[in-house]
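Me: I have a new model open on my screen and would like to talk it through with you. Could you help me read it, one question at a time?

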Amino acid sequence: MEKQYSVAIYPSEAIITLVKSMKDQLAQEVDWFHSKNSTGHITICEFEASAKQIEIIKNQLSKLCDTLEPVEICLNKFGSYPNGAFFISPNEDSKNRLKPIMKRIHESLHIQNMKKSNDPHLSIARRLTPENLERARALFTSIDVAFLCDSIVLRKFDDTIKQFVVTDSFKFNNNPKTEGIQGTLF
């Protein structure tokens with residue numbers, strides 16, 4: 001049976017705590033909203049996989065992350081999408097560092113029906129009404145935080161708590177020698 005998974009970037013504990021407090025503040029203003037209880041993260045992709053497939057995917061992620069170099073990420077503005085998402089956005093330099101990482105992960109995982117995120121952002125709320133989106137914009141006007149992106153996490157959807165939970169973490173080891181190495185026959 002297939003389960004739902006997500007690959008994401010978790011910021012530092014300090015930023016996760018800050019995002020949780022922002023979600024709590026927003027909930028006092030607008031009551032409950034989508035992703036209120038979700039840990040702060042930057043989604044890379046979501047997909048469904050069987051137990052057998054997920055072992056292959058973990059191996060692919062491990063090999064890829066071994067080659068990736070840690071990058072400093074600066075989150076310095078708020079943004080929103082027409083669908084009611086309200087989020088913290090990385091600056092342009094950080095976006096330009098994150099997008100190739102996200103693209104390499106998308107390309108390295110050969111998964112059908114993968115939902116890919118191509119615009120790195122850290123969600124605070126999803127599916128807010130236009131009125132509640134305005135309230136969020138009024139509540140949060142400036143931010144400037146940074147973290148070292150040196151790993152990604154694999155998360156599995158937990159039907160009991162209706163949230164993704166981390167099952168594995170993959171460290172960026174900046175080890176380019178392992179990239180593209182294939183075994184030889186002789």
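What follows is a friendly set of questions and answers about this predicted model.

Me: Let's start with the cysteines. How many disulfides does a search of the whole structure find?
Reply: A disulfide needs two cysteine sulfur atoms within 2.5 Å. For C74, the closest cysteine sulfur is in C149, 14 Å away, which is too far for a bond. C149 is in no disulfide either, as its nearest cysteine sulfur, that of C65, is 9.0 Å away. The number found in the whole structure is 0.

Me: Is C149 buried or exposed?
Reply: A residue counts as buried when its relative accessible area is under 20%. The relative accessible area of C149 is 1%. That value makes C149 buried.

Me: And C74, is that one buried or exposed?
Reply: The cut-off for buried is again under 20%. C74 has 18% relative accessibility, so C74 counts as buried.

Me: Which residues of helix 3 make the contact with helix 2?
Reply: Helix 2 passes helix 3 in a right-handed crossing. On the helix 2 side, the contact is made by Q60, L61, L64 and T67. By class, this contact has 3 nonpolar, 3 polar and 1 charged residues. The helix 3 side is made up of R104, I105 and S108.

Me: How many charged residues are in the contact of helix 1 with helix 4?
Reply: The crossing of these two helices is right-handed. Q25, L26, E29 and V30 in helix 1 meet N132, R135, A136 and L139 in helix 4. By class, the contact has 4 nonpolar and 2 polar residues, and the number of charged residues is 2.

Me: Now some single residues. Is S151 buried or exposed?
Reply: S151 sits in strand 8, residues 151-158. Leaving aside neighbours within four places in sequence, S151 is in contact with I9, S169, F170, K171 and F172. With a relative accessible area of 16%, S151 is buried.

Me: How far apart in space are K77 and I143, C-alpha to C-alpha?
Reply: K77 is in strand 3, residues 71-80, and counts as partly exposed at 36% relative accessibility. Beyond four places in sequence, K77 is in contact with F87, I88, S89, P90, E92 and I143. K77 and I143 are 66 residues apart in sequence, while their C-alpha separation is 5.8 Å.

Me: Which residues is M1 in contact with, leaving aside its neighbours within four places in sequence?
Reply: M1 lies in the segment before strand 1 and is exposed, with a relative accessible area of 82%. The C-alpha atoms of M1 and K52 are separated by 9.9 Å, although the two are 51 residues apart along the chain. Setting those sequence neighbours aside, the contacts of M1 are A49 and S50.

Me: What is phi of K162 near, in degrees?
Reply: K162 is found in the loop between strand 8 and strand 9. K162 is exposed, with a relative accessible area of 54%. Phi of K162 is positive, in a residue other than glycine, and is near 60 degrees.

Notes. Residues numbered from 1 in each chain as written. Predicted model: local features only at pLDDT ≥ 70, side-chain atom pairs only at ≥ 80, totals over all residues. Heavy atoms only, no water. Buried < 20%, exposed > 50% of the residue type's maximum accessible area, 1.4 Å probe, protein only. Left-handed = near helix turned anticlockwise from the far one by under 90°. Helix = DSSP H or I, 4+ residues; strand = E, 2+ residues; numbered from the N terminus. Contact = heavy atoms within 4.5 Å. Nonpolar A, V, L, I, M, F, W, Y, C, P; charged D, E, K, R; others polar.
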